[in-house]
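Here's a quick briefing for anyone meeting this structure for the first time. Take a look at the sequence and the model, then read on.

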Amino acid sequence: MPTQLTNAQIRFLRGQAHGLKAILQVGGKGITDALLAELDLALEHHELVKIKVGAEDRDQRFALVDDLTKRSGAALVQRIGHMAILYRQSREKRHIVLPRP
């Protein structure tokens, strides 16, 4: 089940993600099991990740990001061009403390 965020929490997370570099890239093969495993590890370790989506077609990029969001159980914080920012609270150790809803 995807994480639900308030507008204030989304603004906070966008500010936190501003300086991040993309740590994952969706390439020509699309969303693979290996990519999902890496995304799961990255979200568990960092909670907030920036992903570069290499598809040229805008609708295809949107579909890939939506699919990643659903399959990872993360919340979409922001999507601009080829970049997407996802957030999912860590099960083991929280790094980011969100503002109250």
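The buried residues of helix 3 pack against strand 1 (24-26), helix 2, strand 2 (48-53), strand 3 (75-80) and strand 4 (83-87). Helices here (H or I, at least four residues) and strands (E, at least two) are DSSP runs, numbered from the N terminus. This is a predicted model, where local features need pLDDT of at least 70, side-chain atom pairs count only at pLDDT 80 or more, and totals for chains, interfaces and linings use all residues. Residues are numbered from 1 along each chain as its sequence is written, and side-chain values use heavy atoms, with hydrogens and water left out.

**Helix 3, side by side**
- Arg61, Leu64, Val65, Leu68, Thr69 and Ser72 are the buried residues of helix 3 (buried means under 20% relative accessible area, exposed over 50%, partly exposed in between, with a 1.4 Å probe and protein chains only).
- They sit on the same side of helix 3, because they cover an arc of only 135° around the axis (the arc is that of the directions from the helix axis to the C-beta atoms).
- Asp59 and Lys70, on the other side of helix 3, are exposed.

**Helix 2 meets helix 3**
- The axes of helix 2 (residues 33-46) and helix 3 (residues 58-72) come within 11 Å and cross at roughly 65° (axes are lines fitted to C-alpha atoms, for helices over the stretch in contact, and angles run from 0 to 180 degrees between N-to-C directions).
- From helix 2, Asp33, Leu35, Leu36, Leu39 and Leu43 meet Leu68, Arg71 and Ser72 of helix 3 (contact means heavy atoms within 4.5 Å).

**Helix 1**
- In helix 1 (residues 7-17), the buried residues are Gln9, Ile10, Leu13 and Ala17.
- Their arc around the axis is only 100°, so they lie on the same side of helix 1.
- Asn7, Arg11 and Gly15 are exposed on the other side of helix 1.
- Strand 2, strand 3 and strand 4 are among what covers the buried residues of helix 1.

**A look at arginine 79**
- You'll find arginine 79 in strand 3.
- Arginine 79 is partly exposed, with a relative accessible area of 28%.
- Leaving aside its neighbours within four places in sequence, arginine 79 is in contact with Phe62, Val65, Asp66 and Ala84.
- Arginine 79 and lysine 52 are 27 residues apart along the chain, and their C-alpha atoms are separated by 9.9 Å.
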